[in-house]
Amino acid sequence: MSVIYILLAISILVAIVFFIAFIIAVKSGQFDDDYTPSIRMLFEDELVKETPEKSKQTTKNKL
């Protein structure tokens, strides 16, 4: 019967530790934006425009 009291105390201690970890995570801003990361992969990457200097260099290298 005494094992139940020990297990009950350990479970309450673990619950308190997880609750404190949750509060720390919320205060650090970990849950601020939960929508954007889930749809970020749907957006296309922006195209990088080549500068005229780089395009000239690449044409010289090809010749």
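The protein chain holds 3 helices and 0 strands. Its pattern along the sequence is α-α-α. The model is predicted. Mean pLDDT for the protein chain is 83, with 81% of residues at 70 or more.

**Confidence**
- Helix H1 has the highest confidence in the protein chain, at a mean of 96.
- Helix H3 (residues 52-62) has the lowest, at a mean of 61.

**Helix H1**
- H1 covers residues 2-27.
- The helix has 26 residues, which at 1.5 Å a residue should span 38 Å.
- Just after H1, Gly 29 adopts a positive phi of about 90°.

**Surface and burial**
- The protein chain has 63 residues, and 2% of them are buried.
- Its accessible surface is about 6700 Å².
- Carbon and sulfur atoms account for 66% of that accessible surface.

**Nonpolar patch**
- Val 3, Ile 6, Leu 7, Ile 10, Val 14 and Phe 18 make up a nonpolar surface patch.
- Together these residues expose about 600 Å² of accessible area.
- In an α-helix there are 3.6 residues a turn, so residues three or four places apart point the same way.
- Ile 10, one of the patch residues, sits in H1.
- Ile 10 counts as partly exposed because its relative accessibility is 47%, between the limits of 20% and 50%.

**Aromatic contact**
- The count of aromatic pairs is 1.
- The pair joins Phe 22 and Phe 31, with ring centres 6.0 Å apart.
- Their planes meet at 40°, so the pair is tilted; stacked would need under 30 degrees, and edge-to-face over 60.
- Phe 22 has a relative accessible area of 46%, so this residue is partly exposed.

Terms used
Residues numbered from 1 in each chain as written. Predicted model: local features only at pLDDT ≥ 70, side-chain atom pairs only at ≥ 80, totals over all residues. Heavy atoms only, no water. Patch = residues over 30% accessible without salt bridge, like charges linked within 9 Å, V, L, I, M, F, W, Y side chains within 5 Å. Areas by Shrake-Rupley, 256 points an atom, 1.4 Å probe, with all protein chains shown as cover. Salt bridge = Lys/Arg side-chain N within 4 Å of Asp/Glu carboxyl O. Helix = DSSP H or I, 4+ residues; strand = E, 2+ residues; numbered from the N terminus. Buried < 20%, exposed > 50% of the residue type's maximum accessible area, 1.4 Å probe, protein only. Phe/Tyr/Trp six-rings, centres within 6.5 Å; stacked < 30°, edge-to-face > 60°. pLDDT = per-residue confidence, 0-100. Expected span 1.5 Å × (residues − 1).
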